[in-house]
Amino acid sequence: MNAKEKAFRVLTVHRTSIILALILIVAAFLSPAFLSASNMLNVIRQVSITAIIGAGMTFVILTGGIDLSVGSVVGLAGAFSAGVLQTTDSVPLAVGIGLLTGLICGFINGFFIAKCGIPAFIATLAMMTLLRGCILVYTNGTPISVQSDIYKAVGKGSLAGIPVPIIILLFVYLAAYILLTHTAYGRTVYAIGGNREAARLSGISVVKNEWIVYIIIALLSSLAGIILTARLGTAAATAGEGYEMDAIASVIIGGTSLAGGQGFILPTVIGALILGVLDNILTLMNVNPFATNIVKGVVILIAVLADKKFKDLSAKVNQ
Amino acid sequence: MKRSKKLLALVLSAAMIAATAAGCSTGAATSTAESKAAESAAPAQSSNKQLVIGLSMNTQTNPFFVSVKEGAQKGAEELGAKLVVTDAQNDASTQMKDVENLITQKPDLIIIDPADSDAIVSAIQEANDAKIPVITIDRAAKGGEVVSHMGFNAIKAGGLEGQFIADTLKGKGNVVEIQGIMGTNVAQDRSKGFNDVIAKYPDIKKVATQSADFDRAKAMKVMENILQANKDIQAVYAANDEMALGCLEAIEAAGRTKDIVLVGNDCLDDTMKAIKEDKMKATINEPPYFLGKNAVQTAVKYLKGEKVEKSVILESTLVTKENVDSVKTRD
């Protein structure tokens with residue numbers, strides 16, 4: 001392997017990081033407030049919710065599936081959690097119920113997709129609508145407010161200067177990284193997405209392993225729902241709406257293939273950061289709110305295009 | 001080719017499921033409202049025929065509009081009318097369908113809270129053709145025959161807030177404006193009212209104008225970013241209370257509650273609490289509950305042959321620490 005090939009290999013692996021670095025440099029020139037430590041922590045804390053869901057979404061997309069119900073799971077877990085907190089005043093119980101909500105939602109999703117063989121797009125779309133309806137019935141459209149300071153600390157507190165959501169984010173990605181790259185289970189995830197039939201023939205229990213993937217993402221979504229509720233101090237009926245798109249965008253910008261079988265977990269967090277930094281810098285610069293969506297769309301397209309160019313170039317070099 | 005056909009089938013069936021689900025949720029909302037009104041109406045209904053009123057709401061996920069519905073239900077209950085409620089989920093085309101479904105049920109009158117002032121016109125015309133009188137609330141329609149429109153003056157509300165900020169800052173300081181969904185008249189009018197007043201004070205500088213779609217979570221994020229960029233802010237105007245409360249979370253986290261005059265609009269319970277605790281300075285009381293109740297009362301009045309005002313502007317008042325204890329937002 002010559003030097004050129006080596007350079008391209010590095011580029012391929014780190015292409016998302018390079019795009020983020022470019023955006024960071026431009027942003028730093030555009031606004032003096034951007035590079036401050038407090039703003040950096042601010043951005044990471046803001047993206048932590050999307051990125052945590054994104055970790056689960058990476059697993060799902062690696063198997064060749066999709067989960068559109070994550071936003072509704074975020075909302076439902078938050079609502080149940082806040083509701084339990086309001087009636088019992090017990091933080092562990094509230095967090096437990098929130099996570100249990102995710103577990104059950106994921107179990108149901110997995111049942112329809114892995115067991116019954118319904119396409120993930122349809123099954124999770126139906127669940128998205130169904131769960132949003134459950135939220136409306138449960139909250140009656142009015143937000144449930146959270147009074148407990150211990151509960152709020154999950155979203156607002158910090159340990160040694162680092163906000164709690166960022167610490168949770170680090171743990172989630174550490175666990176996801178180990179699970180995906182250092183365990184037999186991780187290899188089955190890639191195998192199912194790469195070639196389902198081959199995976200089955202080689203003795204992998206496709207149903208069980210795919211089922212688990214949907215439980216993982218719903219659990220992470222409910223965790224995100226608890227963080228969101230704690231940060232806002234309230235669980236609104238609309239909480240989590242549209243989060244599925246941010247999570248999917250983070251995974252795709254992170255370079256994971258929508259077709260499944262190809263991709264990495266860590267670039268997803270970079271993908272989420274790219275989206276978060278865009279939001280941040282556009283507000284810092286006080287860009288006309290009508291125009292921000294245009295700028296966001298254009299930058300995402302450029303990022304994905306640049307990503308494809310990197311991939312094509314490295315494929316050529318490797319030939 | 002086979003693949004693309006599969007995809008098409010997928011998308012089509014997805015659309016069908018979504019449509020069915022949406023239909024179900026509207027159906028559920030209708031039936032609960034019906035049964036509630038019917039139960040309580042039973043004793044009142046002795047001599048004449050029970051009036052049936054359709055209420056097409058634009059959304060039921062926003063506390064403001066939930067209160068409108070609750071007020072309307074209470075009004076119907078008191079007057080012994082039957083209320084059929086639909087929820088358009090903030091979508092103009094769903095609302096069109098809702099109104100059509102109401103028309104086929106032949107109610108005596110339809111009250112509409114339009115999701116969109118322009119898009120609702122054809123639905124109102126259909127009701128006109130079916131000889132069913134229409135009352136609009138909150139957002140006025142741009143056409144069609146309506147018996148009466150009642151709502152609040154959003155330009156005035158924005159102006160009251162602008163004046164309050166100008167007076168509190170003594171005509172000098174840096175101000176942030178957080179706007180609502182800028183496709184709606186309410187957001188545009190509140191913004192216009194606010195800016196018309198602020199423009200009169202040359203020493204008040206608008207350091208940031210951003211939209212947060214009337215949403216608490218979005219407002220918190222936007223405010224966090226604005227606080228990072230601007231170390232010197234004296235006042236924040238949020239176009240509704242949900243956003244003001246989101247801003248409050250961000251401002252509190254930054255430890256700048258004492259330096260920033262924060263005002264909202266709508267007089268939610270949480271806002272009143274924040275005003276009592278001195279975390280927020282003002283809001284506008286536009287009680288949605290009474291808007292809903294008034295609409296039903298006016299409808300019944302009209303159906304009994306009494307004269308009703310073509311346009312009713314309900315009073316919006318500034319709420320501060322001085323008068324917060326005497327504010328009435330529901331019965």
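Colleague: Which handedness does the crossing of α12(A) and α13(A) have?

Modeller: In this predicted model, α12(A) and α13(A) cross in the right-handed sense. Two packed helices are described by the angle between their axes and the distance between the axes. Here the axes of α12 (243-253) and α13 (266-284) of chain A come within 7 Å and cross at roughly 120 degrees.

Colleague: Which residues of α12(A) and α13(A) meet?

Modeller: From α12(A) there are Asp246(A), Ala249(A), Ser250(A), Val251(A) and Ile253(A). Facing them in α13(A) are Thr268(A), Gly271(A), Ala272(A), Ile274(A) and Leu275(A). The contact divides by class into 6 nonpolar, 3 polar and 1 charged residues.

Colleague: Now chain B. How many helices and strands does chain B have?

Modeller: Chain B has 10 helices and 12 strands. Of its 331 residues, 51% count as buried. Among the contacts in chain B with a separation of 6 or more, 74% are between residues 24 or more positions apart.

Colleague: What is the strand order in the open sheet of 6 strands in chain B?

Modeller: The order is β2-β1-β3-β4-β5-β11, and the pairing is parallel. The edge strands of chain B are β2 (82-87) and β11 (311-314), each of which pairs on one side only. From one strand to the next the twist averages 15 degrees. Helix α2 (63-79) of chain B packs on this sheet and touches β1 (52-57) and β2 of chain B. The direction of α2(B) makes about 175 degrees with that of β1(B).

Colleague: Take β3(B) as an example. Are Leu109(B), Ile110(B), Ile111(B) and Ile112(B) buried or exposed?

Modeller: They are all buried, and both faces of β3(B) are covered. Leu109(B) and Ile111(B) lie on one side, with Ile110(B) and Ile112(B) on the other.

Colleague: How many bridges join β3(B) to β1(B), and how many pair it with β4(B)?

Modeller: β1(B) and β3(B) run parallel and are joined by 4 bridges. The pairing of β3 (109-112) with β4 (134-137) of chain B is also parallel, over 3 bridges. For individual partners, start with Ile111(B): it is the bridge partner of Leu55(B), and its own partner in β4(B) is Ile135(B). Ile112(B) stands opposite Thr136(B) in β4(B).

Colleague: Why is strand β6 of chain B described as largely enclosed by the rest of the structure?

Modeller: Because 5 of the 7 residues of β6 (173-179) of chain B are buried. β6(B) runs parallel to β7(B), and 7 bridges join them. Within that pair, Val176(B) stands opposite Ala208(B) of β7(B).

Colleague: What does the domain assignment of chain B give?

Modeller: Domain 1 covers 15-146 + 289-313, and domain 2 covers 154-286. Their contact takes 4 residues from domain 1 and 4 residues from domain 2 of chain B. On the side of domain 1 that touches domain 2, the classes are 2 nonpolar, 1 polar and 1 charged.

Colleague: And between the chains? How many residues does the contact take from chain B and from chain A?

Modeller: The size of an interface is often given as the accessible area lost when the parts come together. Here the description is by residue count: 32 from chain B and 35 from chain A. On the chain B side, the elements giving two or more residues are α1 (2-41), α2, β7 (204-211), α7 (216-229) and α8 (241-253). The largest share, 10 residues, comes from α7(B). By class, that side of chain B has 15 nonpolar, 11 polar and 6 charged residues.

Conventions
Residues numbered from 1 in each chain as written. Chains lettered and ligands numbered in written order. Predicted model: local features only at pLDDT ≥ 70, side-chain atom pairs only at ≥ 80, totals over all residues. Pairing = 2+ DSSP bridges. Axes fitted to C-alpha atoms, helices over the stretch in contact; angles between N-to-C directions. Contact = placed C-beta atoms within 7 Å. Nonpolar A, V, L, I, M, F, W, Y, C, P; charged D, E, K, R; others polar. Domains from an automatic or database assignment. Left-handed = near helix turned anticlockwise from the far one by under 90°. Buried ≥ 20, exposed ≤ 12 C-beta atoms within 10 Å, placed from the backbone.
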